[in-house]
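Hi,

Here is the structure I promised to pass on. Have a look at it first, and then read on for what turned up.

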Amino acid sequence: MGERPAEPAGRVRRWLLHGLQPGRASGPYTSESTEHQRPWWRVMCLTGLDYFSTLGYQPGIAALAAGAISPIATLVLVALTLLGALPVYRRVARESPHGQGSIAMLERLLPRWNGKLLVLALLGFAATDFIITITLSAADASAHIIENPYLPDGLAGLQVELTLVLVALLGAVFLKGFKEAIGIAVVLVGVYLLLNLIVMIVSFWHLLEHPELVSQWRRLLFNEHPNLLGILVVALLVFPRLALGLSGFETGVAVMPLIKGRPDDLPRRPEGRIRGAHRLLTAAAIIMSVFLITSSFATTVLIPQHEFEAGGQANGRALAFLAHTYLGNLFGTVYDLSTVLILWFAGASAMAGLLNLVPRYLPRYGMAPNWSRAIRPLVLVFTLIAFLITVVFRADVTAQGGAYATGVLVLITSAALAVTLSARRRRRRVSMVAFAVITLVLGYTTVANVIERPDGVRIALLFIAAIIATSILSRVFRATELRVTGVVLDPEAQRFIADVAARGEIHVIANEPNERDETEYREKEAEERADSHIPAEDPVLFLEVTIRDPSEFESELIVTGEERFGYRILRVEGASIANAIAGFLLHVRDTTGELPHIYFAWTEGNPLFYLLRYLFFGDGEVAPLTREVLRQAEPDRRRRPRVHVG
């Protein structure tokens, strides 16, 4: 008979979890295979989808936020980009050459639960950044569609619906599978930058022909702010509103595994890839800085202020307004199409960033179910969240700008803090002071943006609350999974186990080490032999577990053998005592072919208290937890190591 057809639910589940490999994160940017690597300038186009696409809405938001002073405030932003964000991320690239980014640096610098909680908070801001990138880019793309003169006027009231369609199409692409992104990105970014260059050349040519427009802008500027010092002070106060122009740096580090290095690159320190990343970050920052300055000046001087307001023709599309005005509707339509495509693809870059971040951290912490390592379920979750954000903000580009800037600024500030702490640890005083100053400036920018536009913090706090709540529930439900990734025994430990296995049953006494003197081991052995009726002639091994880092969910067991006062002791390091013991027992069973026996004494105290201790500190009531881990890991009772409690 042929195989029975799969049930529809089973087919759906296999489709959703396709490519899921236990213990590994999956995502578009996680592969370091050389077949996926490209020259740095091609990879720059991939990160440029996020970075360069902000030109679609940045000049309009800047003019609306800062008015006539927008070009001066943009100069301050460019200075912060080149003198602050760029040096920070060049250092991040050197210290995390495999795409881990600044979050992983902080995780290493702040270990245990402090580091984990900080990572969860930063993931909330990263989710804000990437999700708002998806929704804001789609909203701005729909604005370019609606304002195009060749399309029906009836689209004007359908911006929310158009945005939802674009987000849904993005999700559908990732559900199908996202390949050859770099090739598409090179074409989109190249065409988009070329069109923007043409718009800038024509706009500045028009300014040369009509110098009175610059004079009018200068008079307006000095009427509002009579002296240069006042202009500079106001620019420093308002430039945080322009922080959208700082996006893209974290993505630039995340795509580092795709940068082609040199043949002699070392795995731990791929200098060729690091140099390529430095070139990528520097080139992107310089290109963007030039376009930010020129576009801010051209749009502020050439476009009437009322056109930037809600309902105005330049709202969310200032450069497109110039393209239609000075180059005609045909060129403007080509510009609109290019802008729509790069904005939509910028959402793809953000989605890929999310699919890289979440599987990298939460499943490894035990703070997400195993299916979160697979791409398709995450795509569905992120798409639904993007739908919700689009509806809440009514697909308004300006309204989402604050939330986007908050996510971007928190990530960049955390990166500056990470490199400052790293320089301090390496005792590089000059670098530490320089990066500390950058951190303070970025911190001011972040705080100012949060005070001015608190929506970003509210959204980030919702993401953080959802992540923490989901993480705690997941950690509780997955607490009794076998979380041992491997067992490594030193030669002495191997000799102890082989000797005991050759003489019959394997008896292991779990011991919580205190004084570790002869009296402790003699009394513990006598107690367990009496309570559990271990034959006097059978040898025993003592097993002592040291908790290395209870915040880790999975760990490799390092087992060392030691002989003290004639007693043979196996010492183990792991993330939790019960899991380490269960993993060790299963390893002994598999390598010797014998079922080991483990002996415990009951712990006095409240079971709920000990359960919480197990969840957060890795110890607790060890005996029943060890038995439960073994039960889940080995359903066959006949092959399950024996647990005895006296």
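Before anything else, a cut-off: a residue is called buried when its relative accessible area is under 20%, and exposed when that value is over 50%. By that rule strand 3 is mostly covered, with six of its eight residues buried. Please keep in mind throughout that this is a predicted model.

**The chain as a whole**

You are looking at 22 helices and seven strands. Of the 646 residues, 55% count as buried. If you take the contacts between residues at least 6 apart in sequence, 81% of them join residues at least 24 apart.

The seven strands make an open sheet with mixed pairing, in the order 1-4-5-3-2-6-7. Strand 1 (484-489) and strand 7 (642-645) sit at the edges, each pairing on one side only. On average, neighbouring strands are turned by 25° against each other, direction ignored.

Two helices pack on this sheet. Helix 18 (residues 491-502) touches strands 1, 2, 3, 4 and 5, and its direction makes about 75° with that of strand 4. Helix 19 (residues 518-532) touches strands 2, 3, 4, 5, 6 and 7, with its direction at about 115° to that of strand 3.

Back to strand 3: strand 2 pairs with it in the parallel sense over four bridges. One of the residues involved is His 507, whose bridge partner in strand 3 is Val 540. Val 508 is also in strand 2, and it counts as buried because its relative accessibility is 1%. The C-alpha atoms of Val 508 and Leu 541 are separated by 4.8 Å, although the two residues are 33 apart along the chain. Neighbours within four places in sequence aside, Val 508 is in contact with Leu 541, Leu 543, His 597, Ile 598 and Tyr 599.

That list brings in His 597, which belongs to strand 6 (residues 597-600). Is His 597 buried or exposed? Its relative accessible area is 13%, so it is buried. Strands 6 and 7 pair in the parallel sense over four bridges, and the bridge partner of His 597 in strand 7 is Arg 642. There is a side-chain link as well: a polar contact of 2.8 Å joins His 597 and His 644. Again setting aside neighbours within four places in sequence, His 597 is in contact with Glu 505, Ile 506, His 507, Val 508, Arg 642 and His 644.

Helix 3 (residues 58-66) is worth a look. Seven of its nine residues are buried, so the rest of the structure largely encloses it. Those residues are Gln 58, Pro 59, Gly 60, Ile 61, Ala 62, Ala 63 and Ala 66. What do they pack against? The partners are helix 4 (70-95), helix 10 (228-238), helix 12 (271-302), helix 13 (318-361) and helix 15 (397-425). Just after helix 3 comes Gly 67, with a positive phi of about 65°.

As a reminder, an α-helix has 3.6 residues a turn, so residues three or four places apart point the same way.

**Two backbone angles to check**

Most residues other than glycine have a negative phi. Ala 395 has a positive one, near 55°. It is found in the loop between helix 14 (375-392) and helix 15, and it counts as buried because its relative accessibility is 1%.

Arg 427 is not a glycine either, yet its phi is positive at about 60°. Its place is the loop between helix 15 and helix 16 (429-452). Buried or exposed, then, for Arg 427? With a relative accessibility of 78%, Arg 427 counts as exposed.

Over to you!

Note on methods:
Residues numbered from 1 in each chain as written. Predicted model: local features only at pLDDT ≥ 70, side-chain atom pairs only at ≥ 80, totals over all residues. Heavy atoms only, no water. Buried < 20%, exposed > 50% of the residue type's maximum accessible area, 1.4 Å probe, protein only. Contact = heavy atoms within 4.5 Å. Polar contact = N/O pair within 3.5 Å; in protein donor to acceptor, adjacent residues only side chain to side chain. Pairing = 2+ DSSP bridges. Axes fitted to C-alpha atoms, helices over the stretch in contact; angles between N-to-C directions.
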